[in-house]
Amino acid sequence: MARKSVRDRSARGYCSRSVAICLKRLGFPNKEAFQAVRKLGDICMKASFCIWLARNSISWNQGSCNLVPGSTSVPTPLLPKVTSPQQQQQHQQRKPTVDKSYSHPDPEPPTNSTPAKPTLAGLINKGNTCYANSILQALSVTPALWSQSASESSFVSPLAKSVLLTMSLLSKSTPVVDPSAFLRALQRKMSNARNNPFSINTQQDVPEILPHVLNELTWPSVIANNIITNKVTTTISCNSCLLSSSREESMSILPLPVSNNITGSIKAFLQPEYMSGNDRWMCPQCSSLQDSTRETVFTQCGDILIIQLKRFNCIQGRSVKNNKFVSCLAQGHDTLKVYSHPAEDISFTNQYKLTATINHSGTLAAGHYWAFIRDQGVNTWLKCDDRAVISVKPSDLDNSTVYVLIFAKI
């Protein structure tokens, strides 16, 4: 029973004491060894969960062994057979035979095949509910968020249950799904959060609604919460006495300035800022307002990176939208690099792939939302506009309407 208990804990990120001892013998200080053990445990939990998600995936079982279709027995690896030189010569002279009883499907479709049909259903617009439909369609490609809490926690909130139900319906062969269950749960959640009645059939701002949905999906699960948590450390240094003060903030959605591409938006967000004039910092050591420098770095990046482009600004009491054209695929490439600095002498390079965008046209008072998602089933991009789900080119993602972007770490 003791051995079984250890195996059960290892699936939930348990690292034995020997791991820390090994790291210390390799020269790691106690603090760094402890941090490494925690990080390894977190990786073990995420790996176990990814394996569980892919338990029914056909691609995990193809090409690894000779298994008769329909058999449920555990396959055994093929061992090399020892033969004499005469047997090897006879085998080379013998013509190969083709077993037509079973063959693995071709992983790549022929070049002259017709485009695959989208594998995702559309959503009914119940009257100005395109904001909710776009959120649901974008979340459909991030199962780690909406399935982890249900598998780890005994309590699932009504809003999280409605998301799970909708995701199950979206993956079926039905052409359209009614999101009424999600809308009712969202109405109760937002009414309680705002302490004011919330009307689901009015124009809403997705970056305002999405954090509430993410919180309901991740708060019962430490793993799911870490998946979307980004930690940003801001340091202000006095230019006179060089005293500095740092503050760390956790964000599930990164608000970034609008730039030509996402890489430029991240660089602008991390750009050091010189604070002078009315923005001078009250230095505790100088006991006066001083010119200072503010620097921002990422100290932790989640496995799922959610970015909001700050397209709306308030100028003289009016909401003004920035309709700048944005390239979503990181300067023409399919990966986005984000650097994190958990310590002064340690840095990591995180690489992400775009999985979904939420787009907006019009104004906050009268506009429309839709989503672009990467359909993993047929390896193409889909435009999800309420009921309509159609295949599109990757170049369609670069536009002046992209508002929220979802990246997954690779």
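Trainee: At roughly what angle do the axes of H8 and H9 cross?
Mentor: Helices (H or I, at least four residues) and strands (E, at least two) are DSSP runs numbered from the N terminus. Axes are lines fitted to C-alpha atoms, for helices over the stretch in contact, with angles from 0 to 180 degrees between N-to-C directions. In this predicted model, the axes of H8 and H9 come within 11 Å and the crossing angle is roughly 100°.

Trainee: How is H8 oriented relative to H9, then?
Mentor: Angles under 35 degrees count as roughly parallel, over 145 as roughly antiparallel, 65 to 115 as roughly perpendicular and the rest as oblique. Relative to H9, H8 is therefore roughly perpendicular.

Trainee: Which residues of H9 make the contact with H8?
Mentor: Contact means heavy atoms within 4.5 Å. H8 contributes Phe182, Leu186, Lys189, Met190, Ala193 and Arg194, and their partners in H9 are Glu208, Ile209, His212, Val213, Asn215 and Glu216.

Trainee: Does Ala193 count as buried, partly exposed or exposed?
Mentor: Ala193 belongs to helix H8 (residues 180-194), and its C-alpha atom is 8.5 Å from that of His212, 19 residues away along the chain. Buried means under 20% relative accessible area, exposed over 50% and partly exposed in between (1.4 Å probe, protein chains only). Because its relative accessibility is 43%, Ala193 is partly exposed.

Trainee: How far apart are the axes of H7 and H9?
Mentor: Leu159, Ala160 and Val163 of H7 meet His212, Val213, Glu216 and Leu217 of H9. The two helices are roughly perpendicular. H7 (residues 158-170) packs on H9 (residues 206-218) at about 90°, with an axis separation of 8 Å.

Trainee: What pLDDT must side-chain atom pairs have to count?
Mentor: pLDDT is the predictor's confidence in each residue, from 0 to 100. Residues are numbered from 1 along each chain as its sequence is written, and side-chain values use heavy atoms, leaving out hydrogens and water. Totals for chains, interfaces and linings use all residues, local features need pLDDT of at least 70, and side-chain atom pairs need 80 or more.

Trainee: How many contacts beyond four places in sequence does the model have for residues 94-115?
Mentor: The protein's mean pLDDT is 80, and 76% of its residues reach 70 or more. Residues 1-10 stay under 50, with three contacts beyond four places in sequence. Residues 94-115 also have pLDDT under 50, and their number of such contacts is five.

Trainee: What angle lies between the ring planes of Phe269 and Phe298?
Mentor: Rings of Phe, Tyr and Trp (its six-membered ring) pair if their centres lie within 6.5 Å; planes under 30 degrees apart are stacked, over 60 edge-to-face and the rest tilted. The count is two aromatic pairs. Phe269 and Phe298 form a stacked pair, with 6.0 Å from centre to centre and a plane angle of 25°.

Trainee: What kind of pair do Phe312 and Tyr403 form?
Mentor: Phe312 lies in strand E11 (residues 312-315) and Tyr403 in strand E18 (residues 402-409), so the pair ties together parts 91 residues apart in sequence. Both residues are buried. Their ring centres are 5.6 Å apart and their planes stand at 70°, so the pair is edge-to-face.

Trainee: Which cysteine has the sulfur nearest to that of Cys286?
Mentor: A disulfide is a pair of cysteine sulfur atoms within 2.5 Å, and the whole structure has zero disulfides. For Cys286, the nearest cysteine sulfur is 3.6 Å away and belongs to Cys241.
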